[in-house]
Amino acid sequence: VQLQASGGGLVQAGGSLRLSCTGSRRYFSRYSMAWFRQAPGKEREFVAVRTWSGRSIWYADSVEGRFTIDRDNAAETLVYLQMDSLKPEDTAVYYCAASREDFFSSSYYYTTGSYDYWGQGTLVTVSS
């Protein structure tokens, strides 16, 4: 059982990128899907999550209004992350993750320990 993140690259500040997370749609149909990122020398941090029921979507304050997470009906793409108005501080390795929990607002959806599967990461570099 694997997740794979793709779509990273080099982009200028203000530009856009779309990341995709692929895996077995049948296996992950009842998993909440999230994106985390890790910048050099920093801890991995939460970016966005979509609960498997579709009931809730949450974003980190730093990306609210600029990033969009949602399901993707294309083939084995489980979830995408549309990143607009990118900033140099968005530079990081981005990871997709899956959790068996259908998070509620009081849940620890923002902690790495709440996730059961991780993709290998894709590098996003935003130049100023």
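One aromatic cluster is made up of F36, F46, W58, F103, Y108, Y109, Y110, Y115 and W118. Everything here comes from a predicted model, where local features need pLDDT of at least 70, side-chain atom pairs count only at pLDDT 80 or more, and totals for chains, interfaces and linings use all residues. Residues are numbered from 1 along each chain as its sequence is written, and side-chain values use heavy atoms, leaving out hydrogens and water.

**View A. F46 meets Y109.** Searching the whole structure turns up 16 aromatic pairs. To pair, rings of Phe, Tyr and Trp (its six-membered ring) need centres within 6.5 Å; planes under 30 degrees apart are stacked, over 60 edge-to-face, and the rest tilted. With ring centres 5.3 Å apart and planes at 65 degrees, F46 and Y109 are edge-to-face. F46 sits in strand β5 (residues 45-50) and Y109 in the loop between β9 (92-99) and β10 (117-118), so this pair ties together parts 63 residues apart in sequence. Strands (E, at least two residues) are DSSP runs, numbered from the N terminus. Both F46 and Y109 are buried, meaning under 20% relative accessible area with a 1.4 Å probe, protein chains only.

**View B. F103 meets Y115.** Here the ring centres of F103 and Y115 are 5.6 Å apart and the planes are at 50 degrees, so the pair is tilted. Buried or exposed, what is F103? F103 is buried, at a relative accessible area of 0%, and Y115 is buried too, at 6%.

**View C. Two arginines over rings.** R18 lies over the face of Y80, 3.7 Å from the ring centre. The charged end of R44 sits over the ring of Y95, at 3.6 Å from its centre. For a charge to count as over a ring, NZ of Lys or CZ of Arg must be within 6 Å of the ring centre and within 35 degrees of the ring normal.

View D. C21 and C96 are both buried.

Terms used. Helices (H or I, at least four residues) and strands (E, at least two) are DSSP runs, numbered from the N terminus. Buried means under 20% relative accessible area, exposed over 50%, partly exposed in between (1.4 Å probe, protein chains only).
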